[in-house]
Amino acid sequence: IFSFFSFFTTIPIVWYGLVVTGGAAIVYAYWRRRDGQRGVRAEWFWAVWVIGVPILLYVLEPMLGFFTPRRYGWWYVFGVALFLGVSLRYLPRAGYWAAGVILIGVMFVPFRLNNYSYIVTPLGENLRWLRDHWQGGDRLLIDPALDCSYPEEWDYYRRVYFPTGLGVVDEAAGVRRVWYAASLNEASQAVTEALTQGRMPGRFVGPPGCFFRLYEGPPDTSGVLFENGMRFHGAEIMDGDKPMETPTAYHEGESLRVRMWWSVDAPVPLDYSVGVYLNGAEPLAQSDSAPQVIYPAEAAVETSRWTPGQMYVEERVMQIPYPYGRSNVTLSMAVYWYGDQKRFGAPGVVEDNLLVLMTLPVVAW
């Protein structure tokens, strides 16, 4: 009763007080026989309404479905209003004034005439957020036990936030960027562990019962094997937390955050270095060091400690010089051992054992 009543009222404690006061007034008036009779009167009917309707709807919930969600029982408050009207009239003159002041005060408390808070659900908030982080080629994997997985909500929010369609898959195989929607329980944990094999967990949103998270794989699943045993799985320039999608141009003075993916087929004997180079007609910028690993968390930068079967992700920041004119520049990479500075070969390398990653159009502002 309390839960049902509170759903339809703002500052419920005030309305509880009015209902209790009205109930006490009619009981006192009936005891005093103010109307000279003990017959069934309207105030008793509406008193039964206030208490009995929630109970009745609860009992009939399997057949009617009006109790959960409660919004279908909006007509209950009509009887509550009539009960207050017929019961508060039994108050003495001072009670009239007190009840009137309270009701006038309530009129100035902002509230929704209809409680539509149910529209703002975790699923709706998640899909609105996902719209801003979705990228072409992304797919959504939905756990069957997802707590917020109501068909009518999916239908509504998909049309609102993804009118051209939402790519839902039954499995993540062959998908580079997959968003997994699940409740954080033991069953979903097993799927999560499978998704992290060869993928990096990324951005996430939502409460435990409606949790969305990105699992991102490398640009090249097969990769390029260098002579030293390191396998390179591709590079990408990041736009915030997403890979850049074919930009029109880069600009002089702009910083480029380059993400590179690595693995090893077997343990490698030495701690190797990676050089990343930005070249135009002349060298523009370079970064030489051990891999700057960002994933897994707290992973070793020493390649001799890398584990086969684990994907390693590193990031470097390269700066386009300023000023710089209109030109195409190349982003390339090399692997070497710092002890002798000799670069290792790999399929696709060019002169000086450089592996060209991409060509970038640069323009002046």
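**Helix packing, aromatic pairs and strand pairing**

The axes of helix H2 (residues 12-31) and helix H3 come within 11 Å and cross at roughly 145°. The structure described here is a predicted model. The crossing of H2 and H3 is left-handed. On the H2 side, the contact is formed by Val19, Ile26, Val27 and Tyr30, and on the H3 side by Glu43, Trp44, Ala47 and Val50. Classified by residue type, the contact of H2 with H3 comprises seven nonpolar residues, no polar residue and one charged residue.

Helix H3 (residues 42-59) also packs against helix H5 (residues 76-87), their axes coming within 9 Å and crossing at roughly 145°. The crossing of H3 and H5 is likewise left-handed. In this contact, H3 contributes Glu43, Trp46, Ala47, Trp49, Val50, Val53 and Pro54, which meet Tyr76, Phe78, Gly79, Val80, Leu82, Phe83 and Val86 of H5. Twelve nonpolar, one polar and one charged residues make up the contact of H3 with H5.

Aromatic pairs number 19 in the structure. One of them joins tryptophan 46 and phenylalanine 78, whose ring centres lie 6.4 Å apart; the pair is edge-to-face because the ring planes stand at 90°, and an angle over 60 degrees is assigned to that class. The pair connects distant parts of the chain, with tryptophan 46 in helix H3 and phenylalanine 78 in helix H5, 32 residues apart. A second aromatic pair, between tryptophan 337 and tyrosine 338, is tilted, with 5.7 Å from centre to centre and 50° between the planes. Here tryptophan 337 is partly exposed, at 27% relative accessibility, and tyrosine 338 is exposed, at 52%. Tryptophan 46 and phenylalanine 78 also belong to a cluster in which ring pairs link Phe45, Trp46, Trp49, Trp75 and Phe78.

With regard to strand pairing, five strands form an open sheet of mixed pairing in the order E2-E1-E3-E5-E4. Strand E2 (168-169) and strand E4 (200-205) are the edge strands, each pairing on one side only. Within this sheet, strand E1 (residues 139-142) runs parallel to strand E3 (residues 177-182), and four bridges join the two. Isoleucine 142 has alanine 181 in E3 as its bridge partner.

Strand E15 (residues 327-336) is mostly covered, with seven of its ten residues buried. Strand E15 is joined to strand E11 (residues 273-279) by seven bridges, and these two strands run antiparallel. In this pairing, valine 274 stands opposite valine 335 of E15. Seven bridges also join E15 to strand E16 (residues 355-363), again in an antiparallel arrangement. Here methionine 333 is found opposite leucine 355 of E16. Strand E15 is therefore flanked by pairing partners in E11 and E16, and seven of its ten residues count as buried because each has under 20% relative accessible area.

Key
Residues are numbered from 1 along each chain as its sequence is written. This is a predicted model: local features need pLDDT of at least 70, side-chain atom pairs count only at pLDDT 80 or more; totals for chains, interfaces and linings use all residues. Side-chain values use heavy atoms; hydrogens and water are left out. Buried means under 20% relative accessible area, exposed over 50%, partly exposed in between (1.4 Å probe, protein chains only). Two strands pair if DSSP finds at least two bridges between them. Axes are lines fitted to C-alpha atoms, for helices over the stretch in contact, and angles run from 0 to 180 degrees between N-to-C directions. A crossing is left-handed if the near helix is turned anticlockwise from the far one by less than a right angle, and right-handed if clockwise. Contact means heavy atoms within 4.5 Å. Ala, Val, Leu, Ile, Met, Phe, Trp, Tyr, Cys and Pro count as nonpolar, Asp, Glu, Lys and Arg as charged, and the others, Gly among them, as polar. Rings of Phe, Tyr and Trp (its six-membered ring) pair if their centres lie within 6.5 Å; planes under 30 degrees apart count as stacked, over 60 as edge-to-face and the rest as tilted.
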